[in-house]
Amino acid sequence: MSARLGDTAPNFTAQTSEGELDFHKWLGDSWGVLFSHPADFTPVCTTELGAVAKLKSEFAKRNVKVLAISVDPLDSHHRWIKDINETQACTVNFPIIADPDRKVAMAYDMIHPNADSTMTVRSVFVIGPDKKIKLTLTYPASTGRNFLELLRVIDSLQLTAKHKLATPSDWKQGEDCIVVPAVSDEDAAKLFPKGVRKIKPYLRYTAQPNRAEA
Ligand code: BEZ
């Protein structure tokens, strides 16, 4: 099965390091990040889980719950968490799914047999409060993800969910946004009272509507 942008995120129940959960119920009205790890006790994954633990408050600020998955069993997760806390100077503060029968991994198409027949790739799914998939990323096992980039993308997703805007290359919170092509100049003037800067008929910028003023 695949899980693509705009699809409803497949629901599941799973054992995790913080008890059993029903994914959709656990998400509630929050945004969610589901991210996979090839295996327990692997070096890149260890650093990634430490990085996410340290960024928990940044995810919480954005109303995002994070959920990791590795196909290894629960007792292995508990032993690995001790190592992560020790080596990354953190406290793992989010659940890690144990998926020994690959139920969740298969539902989200996290095993790419031409890369590896048993381990998952490094998938990321960002899920909105409507339970729809808003973003997918796929990295190979050998490349650790950049979780600051993930926060940046979530800022864009949350902004563009509210406003008829898109965000340009390398956009960061507070920078100018792009008016989407479907909005006429007349409507843009009404929707974006801070002003619209027209470079080309299809390239129009406006200040971020909810930008925190200094
Ligand atoms: C790692 O997490 O370090 C890793 C896992 C599988 C293959 C290569 C690296």
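A residue is called buried when its relative accessible area is under 20%, exposed when that area is over 50%, and partly exposed in between. Keep those cut-offs in mind for this predicted model. Ser 30 has 10% relative accessibility, so Ser 30 counts as buried. The whole structure holds 14 salt bridges. Side chains of opposite charge can pair when their charged atoms come close.

**Ser 30 and its surroundings**

- Ser 30 sits in a loop. That loop runs between helix H1 (23-27) and strand E3 (31-37).
- The side chain of Ser 30 makes a polar contact with the side chain of Asn 63, at 3.3 Å.
- Set aside the neighbours within four places in sequence, and Ser 30 is in contact with Asn 63, Lys 65, Gly 128 and Pro 129.

- Glu 58 and Lys 61 join their side chains in a salt bridge, with 2.9 Å from N to O.
- Both residues belong to helix H3 (residues 56-61). They are three residues apart, so about one helical turn separates them.
- Glu 58 is partly exposed, because its relative accessibility is 23%.
- Lys 61 is exposed, because its relative accessible area is 63%.

**Asp 185 and its two partners**

- Which residue meets Asp 185 in a salt bridge of 2.5 Å, N to O? The partner is Lys 198, and the bridge is between side chains.
- This pair links distant parts of the chain, 13 residues apart. Asp 185 is in helix H7 (residues 185-191), and Lys 198 is in strand E10 (residues 196-200).
- Asp 185 has a relative accessible area of 39%, so Asp 185 is partly exposed.
- Lys 198 is also partly exposed, at 47%.
- Asp 185 forms a salt bridge with Arg 204 as well, where the closest N and O atoms are 2.9 Å apart.
- Arg 204 and Asp 185 again link distant parts of the chain, 19 residues apart. Arg 204 lies in strand E11 (residues 203-206), and Asp 185 in helix H7.
- Is Arg 204 buried or exposed? Arg 204 is buried, because its relative accessible area is 3%.

- Glu 58, Lys 61, Arg 62 and Asp 155 form one network, joined by salt bridges that share partners.

How values were computed:
Residues numbered from 1 in each chain as written. Predicted model: local features only at pLDDT ≥ 70, side-chain atom pairs only at ≥ 80, totals over all residues. Heavy atoms only, no water. Helix = DSSP H or I, 4+ residues; strand = E, 2+ residues; numbered from the N terminus. Buried < 20%, exposed > 50% of the residue type's maximum accessible area, 1.4 Å probe, protein only. Polar contact = N/O pair within 3.5 Å; in protein donor to acceptor, adjacent residues only side chain to side chain. Contact = heavy atoms within 4.5 Å. Salt bridge = Lys/Arg side-chain N within 4 Å of Asp/Glu carboxyl O.
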